[in-house]
Amino acid sequence: MKILSLFLFLTVGVFTGAKHYYKKETAISTLEVERMNLRVNEIKNMMSIDSKYNTKIAFFVDMSIPSGKNRFFVYDLVNSKIIDQGLVAHGSGSETGVKGNLRFSNTPNSNCTALGRYVIQKCYKGIFGKAYKLNGLDETNNNALKRAIVLHYYSAVPYEEQDYYISNSHGCPMVNEQFFKRLEKYIDCSKSNIILDVYY
């Protein structure tokens with residue numbers, strides 16, 4: 001009986017330990033890291049040509065990650081590491097009817113997320129509270145100002161990761177208020193504009 005109890009204790013310990021280890025290690029997969037590294041290198045190359053942007057911090061959003069999982073990353077460009085992360089919604093127009101498959105558009109009134117690099121500009125008070133204007137730098141997102149695509153928070157976006165998809169926006173990167181307050185500190189303390197890169 002003692003041997004059986006010991007066996008059960010060890011077995012449960014191994015499996016529960018493995019479960020926690022698995023979750024922690026797969027917070028961001030190897031493929032997602034590789035994809036981010038490519039984007040980081042592109043941003044660094046851009047900044048080596050034009051250093052008017054913040055060269056220490058950049059924001060990255062990997063739209064290939066499900067919306068219920070952290071996919072908005074604050075990245076330390078100096079030390080090459082993620083220093084914060086959170087949930088972010090995509091546009092309702094980006095839904096294709098197939099979970100995990102998204103479409104993207106730069107067209108006004110499409111309610112789609114638009115891929116590409118954005119410059120985070122001045123804040124203003126909008127219908128959701130404080131928000132930051134986004135200026136698209138690429139052909140894929142150069143209608144951002146015209147479309148009123150902004151970085152803002154909304155109460156329907158959860159703080160913790162979920163096993164289901166979260167609410168959609170009208171094309172804006174929409175985050176939880178607690179996460180927004182952390183992003184706000186990075187943005188407001190920055191002497192130069194921070195780049196936000198949205199990719200898939």
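## A tour from hairpin to core

Start by selecting residues 72-76 and 81-86: these are strands E2 and E3, which pair in the antiparallel sense over 5 bridges. Pairing here takes at least two bridges found by DSSP between the two strands. Strands (E, at least two residues) and helices (H or I, at least four) are DSSP runs, numbered from the N terminus.

Before going on, a word on the model: it is predicted, so to speak, with local features needing pLDDT of at least 70 and side-chain atom pairs counting only at pLDDT 80 or more, while totals for chains, interfaces and linings use all residues. Residues are numbered from 1 along each chain as its sequence is written, and side-chain values use heavy atoms, with hydrogens and water left out.

Now go to the turn, where 4 residues sit between the strands. What is the phi of Ser80, which is not a glycine? It is positive, at about 50°. Most residues other than glycine have a negative phi. Ser80 is partly exposed, with a relative accessible area of 41%; partly exposed lies between buried (under 20%) and exposed (over 50%), using a 1.4 Å probe and protein chains only.

Next, select Ala148, in the loop between helix H3 (144-147) and E6. Ala148 is another residue other than glycine with a positive phi, near 60°, and is partly exposed at 48%.

Move on to Ile127, Phe128 and Tyr154. Together they form a nonpolar patch on the surface with about 320 Å² of accessible area. Patch residues have over 30% relative accessible area and no salt bridge; like charges are joined within 9 Å, and nonpolar side chains (Val, Leu, Ile, Met, Phe, Trp, Tyr) within 5 Å. A salt bridge puts a side-chain nitrogen of Lys or Arg within 4 Å of a carboxyl oxygen of Asp or Glu. Tyr154 sits in the loop between strands E6 (150-153) and E7 (174-175).

Last stop: the largest nonpolar core, with 28 residues. Such a core joins buried Ala, Val, Leu, Ile, Met, Phe, Trp, Tyr and Cys residues through side-chain atoms within 4.5 Å. Select Phe59, Phe72, Ile120, Leu151, Val175 and Leu196, which touch the most other members. Elements supplying at least two residues each include E1 (53-62), E4 (116-126) and E8 (193-199). Which element gives the most to this core? Helix H4 does, with 4 residues.

Notes. Areas by Shrake-Rupley, 256 points an atom, 1.4 Å probe, with all protein chains shown as cover.
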